[in-house]
Amino acid sequence: MIKSKTNDSPVVVGILGGGQLAKMLALEAYRLGLNVAVIEKGESPAGELTKFDFPKGWMDNDELDKFIEVSDIITLENEFIDTAILDYISQKKPVFPSSATMKKVQDKFKQKQIFSQYGIDVPAFSEIYSHKDAAAFGEKHGYPFLLKTRTLGYDGYGNFTVRSEGDIDAAFKNFTINGNLRPLLAEQFISFTKELAVMVCRNQTGETEVYPCVETIQKNHICHTVIAPAVIDESITRKAKKIALRCVEAIDGVGVFGIELFLKASGEVLVNEIAPRPHNSGHYTIEACHTSQYENALRAVLDLPLGSAEMKVPAAVMVNLLGVRDGSGLPTEISEMLKNNTAKLHLYGKKLSRNGRKMGHITAVGKTQAEALEIATKAANDLTW
């Protein structure tokens, strides 16, 4: 048991956020003998696992203070929490990733500035304030290009593909709220051969573990399939892992981080963005690696020795279970799926489903990526919603 420094009880890890990432983090925490506190507005998958649930959310000052009080150390499951709140928390309890790190990544324009200054290759980008700015970017870097919100964008939300100058006004309209245009950046459209991802874990003393480079396959801008390891040349794997580690060092990150990458036909690897938390592309690590991303996230924030990130099986595939309707978050039938007795089902316990919402995932391991993909795909197709 990992004991609190202030009493003889298990350490309580506070989690800002209560979704599926927090739930999987909590399950690993309990296995290690830790306790968990969760703060998230409303009912949440992770909040239902603990008596230290704070459902009024972090925007309620009294609720936030109660959450801080019971927690020994605090981490997060999403990158959208105002850094002023993280600053407030850090006056009372340690929080990782730190507010300083989050200030470097929450704004995607600043994130790319920092990576570029650190010598990390990223697509051409520019901050955008007007139609003239966007048109100038298109003239310089060509069409199509992407307009993105600088903050609060995920799973394709906050992105608009500008295919000609005639699309700019429509994009601006899409990003205008109550008459105010959201802060935007333009980003060069990259013609890639594969989308890759690498999980990196780093603890407070700077020890690191880098997970295998995986291929991610998107469906409507949402990660649908992860193939581990990616079927790419070993030199590309080494390059991707080196770049991912440099990204985490550039932001002085403590915790676990998902780095999304583009692989071009030339062999060039560019950074798309970084997620300062457990990541969808790392779910496979629960079954496939000696130490899951969730366990290493806990080890990192507690400044414990990190576990091996190496795979213990030749190959693994994760398939996301995305909502196909509005209604109950539970599948109507799982028996057929469970006949695929080597596939592992993870349901997140979300009350409601909606089209494209991540409701769970399936992981399969195999002797080859093709074998694992066949098992995982069949299992996902056999689940009835």
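The exercises below, each with a worked solution, concern a predicted model.

**Exercise 1. Describe the parallel sheet, giving its strand order, its edges and its twist.**

Step 1. The sheet is open and has four strands in the order β3-β2-β1-β4, with parallel pairing.
Step 2. At its edges stand β3 (52-54) and β4 (73-76), each of which has a single partner strand, so one side of each is left without a neighbour in the sheet.
Step 3. From one strand to the next, the twist averages 20°.
Step 4. Strand β1 (residues 12-16) is joined to β4 by four bridges, and within this pairing the bridge partner of I15 is T75 in β4.
Step 5. Helix α1 (residues 20-31) lies across β1, β2 (35-39) and β4, and runs at about 160° to β2.

**Exercise 2. Work out which residues of helix α3 are buried and where they lie around its axis.**

Step 1. Helix α3 covers residues 83-90, and its residues T83, I85, L86 and I89 are buried, for which the relative accessible area must be under 20%.
Step 2. Seen down the axis of α3, the buried residues fall within an arc of 150°, so they line one face of the helix.
Step 3. As background, an α-helix has 3.6 residues a turn, so residues three or four places apart point the same way.
Step 4. The elements that cover the buried residues of α3 include β1, α2 (61-70), β4 and α4 (99-105).
Step 5. At the start of α3, a side-chain oxygen of D82 comes to within 2.9 Å of the backbone nitrogen of A84.

**Exercise 3. Trace the antiparallel sheet around β10, and place the helices that lie across β5, β6 and β10.**

Step 1. This open sheet of four strands has the order β5-β10-β6-β7, with antiparallel pairing.
Step 2. Strands β5 and β7 (159-162) stand at the edges, each with a single partner strand, so one side of each is left without a neighbour in the sheet.
Step 3. Neighbouring strands are turned by 25° against each other on average, direction ignored.
Step 4. Strand β10 (residues 184-188) is mostly covered, since four of its five residues are buried.
Step 5. Four bridges pair β10 with β5 (residues 125-128), and five bridges join β10 to β6 (residues 145-149).
Step 6. In β10, E187 stands opposite F125 and also opposite L146, while L185 is the bridge partner of E127.
Step 7. Helix α5 (residues 108-117) lies across β5, β6 and β10 at about 150° to β5, and helix α6 (residues 131-141) lies across β5, β6 and β10 at about 165° to β5.

**Exercise 4. Identify the members of the largest nonpolar core that touch the most other members, and list the contacts of L16.**

Step 1. The largest nonpolar core has 44 residues, of which L16, F67, F115, I259, L261, V271 and I274 touch the most other members.
Step 2. Helix α8 (residues 234-250) supplies the largest share of this core, namely eight residues.
Step 3. A second, separate core of 40 residues includes V11, I15, M199 and A316.
Step 4. Not counting residues up to four places away in sequence, L16 touches I39, W58, F67, I74, T75, L76, E77, N78, I81, L86 and I89.

Key:
Residues are numbered from 1 along each chain as its sequence is written. This is a predicted model: local features need pLDDT of at least 70, side-chain atom pairs count only at pLDDT 80 or more; totals for chains, interfaces and linings use all residues. Side-chain values use heavy atoms; hydrogens and water are left out. A nonpolar core is a set of buried Ala, Val, Leu, Ile, Met, Phe, Trp, Tyr and Cys residues joined through side-chain atoms within 4.5 Å. Buried means under 20% relative accessible area, exposed over 50%, partly exposed in between (1.4 Å probe, protein chains only). Helices (H or I, at least four residues) and strands (E, at least two) are DSSP runs, numbered from the N terminus. Contact means heavy atoms within 4.5 Å. Two strands pair if DSSP finds at least two bridges between them. Axes are lines fitted to C-alpha atoms, for helices over the stretch in contact, and angles run from 0 to 180 degrees between N-to-C directions. The arc is that of the directions from the helix axis to the C-beta atoms. A polar contact is a pair of N or O atoms within 3.5 Å; within protein, one must be able to donate a hydrogen and the other to accept it, and residues adjacent in sequence count only if both atoms are side-chain atoms.
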